[in-house]
Amino acid sequence: MFKYRAISFPILIALLAVMILWPEWGRYLFVVVASLAAAMMFREIGAMLRNIGVAVFEKSTVLFGGLFLFSMLSLSVARQTGSRAMTILFFLLLMFCMLAVIYAGWLLLLFGKEKKENFDRMLRSVGIFLLAGTPVYALSMVYFGGSEGPVALFYVMMVTKSMDTGGYIFGMLSGKYLPGGNHKIVPSISPKKSWEGTIGGVLLSVAVSLLFYWYYAESSNGISASLAWYILAGVILAVGSFAGDLTESALKRTCGVKDSGHWIPGMGGAFDVLDSFIYNGVIFWILCWKLCRNVVH
């Protein structure tokens, strides 16, 4: 497990570095990576639901959901570059995907032999797109939110993942060295999560947030906000990360699977990597709208 993760993790970090440090070219890479990640999540959720007898149109959800998100993100790139041809092309692709999905549902109801089953599968497929696509799109709009966007995305990802890292380290240490072990929070959903690990994760998230404050608060490329904002954002994003992780754990436990997929060696599926961001993309938008409006335009 560790040796595979030791290969996967540096590759993911390298991709993130290109997107953050070279936004002129990194935005094209971001569109591809975000669209593929969303498509993999659609595939993984569909497969997990199939495991408990809930049928969806898996291939169609992956194809049209991935293309839909790709078109939306490409429109953001076209807006940034001012390319009229790209704007028209990806707007037409977006409309095609939207109309194809809408009218496929009605046509299945009209001509399909198994009308109720097909229509139910269609609605579930759209539900998967909304549930998994919205977090990815929210993170994408942070990235495309102006000159501060790449740094803002880097901030969200680092603070969010610090909760995971801190929770793992403090949870492991407390379980090993505290008399009687640590204290579990929700063993029915995630048996390994403890109060000690959660508190440690929150503290690490706040610490990382303060590092960004120290380095970026006065920078033209950073998030211009107060010390109080950085502390509050660190706490809220840590809680959002915890909630996202629990949400995926609840889905996996319901479906009787350990990992959402096996796309990323040593790390599981795309959903296993991105579950911490189920809420945090939208949460960051709200934080910026309320407290730091000049970050995301």
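This report describes a predicted protein model, from its overall fold to selected helices and residues.

## Overall architecture

The protein contains 10 helices and 0 strands. Read along the sequence, its elements follow the pattern α-α-α-α-α-α-α-α-α-α.

For a chain of 297 residues, a compact globule would have a radius of gyration near 19 Å, and the 20 Å found for this protein agrees with that value. The C-alpha trace spans about 65 × 50 × 35 Å along the principal axes. Among contacts with a separation of 6 or more, 69% join residues 24 or more positions apart.

## Surface, burial and charge

Of the 297 residues of the protein, 44% count as buried. The accessible surface comes to about 15800 Å², and carbon and sulfur atoms account for 72% of this area.

The protein carries 23 positive and 15 negative charges.

## Helix H3 and the residue after it

Helix H3 covers residues 58-81, a run of 24 residues. The distance from its first C-alpha to its last is 34 Å, close to the 34 Å expected at 1.5 Å a residue. Gly82 follows H3 and has a positive phi, near 75°.

## Helix H4 and Cys97

Helix H4 comprises residues 84-111. With 28 residues, H4 reaches 39 Å from its first C-alpha to its last, close to the 40 Å expected at 1.5 Å a residue. Phe90, Leu94, Cys97 and Gly105 are buried in H4, and the buried residues of this helix pack against H3 and H5.

Cys97 has a relative accessible area of 1%. This value lies under the 20% cut-off, and Cys97 is therefore counted as buried. Apart from neighbours within four places in sequence, Cys97 is in contact with Phe64, Leu67 and Phe68. Between Cys97 and Ser205, which are 108 residues apart along the chain, the C-alpha separation is 39 Å.

## Helix H5 and Asn118

Helix H5 covers residues 115-143, and Asn118 has its place there. Asn118 has a relative accessible area of 13% and is buried, given that the cut-off is under 20%.

Beyond its neighbours within four places in sequence, Asn118 is in contact with Phe57, Leu108, Gly112 and Lys113. One of these residues, Leu108, is 10 residues from Asn118 in sequence, and their C-alpha atoms are 6.5 Å apart in space.

## Helix H7 and its packing

Helix H7, residues 195-216, has 22 residues. H7 reaches 31 Å from its first C-alpha to its last, close to the 32 Å expected at 1.5 Å a residue.

The buried residues of H7 include Glu196, Gly197, Thr198, Gly200, Gly201 and Val202. Further along the helix, Ser205, Val206, Val208, Ser209, Phe212 and Tyr216 are also buried. An α-helix has 3.6 residues a turn, so residues three or four places apart point the same way. The buried residues of H7 pack against helix H6, residues 149-177, and helix H8, residues 227-255.

Technical notes: Residues numbered from 1 in each chain as written. Predicted model: local features only at pLDDT ≥ 70, side-chain atom pairs only at ≥ 80, totals over all residues. Heavy atoms only, no water. Helix = DSSP H or I, 4+ residues; strand = E, 2+ residues; numbered from the N terminus. Rg over C-alpha atoms; globule rule 2.2 N^0.38 Å. Buried < 20%, exposed > 50% of the residue type's maximum accessible area, 1.4 Å probe, protein only. Contact = heavy atoms within 4.5 Å. Areas by Shrake-Rupley, 256 points an atom, 1.4 Å probe, with all protein chains shown as cover. Lys, Arg positive; Asp, Glu negative; His and termini not counted. Charge placed at Lys NZ, Arg CZ, Asp CG, Glu CD. Expected span 1.5 Å × (residues − 1).
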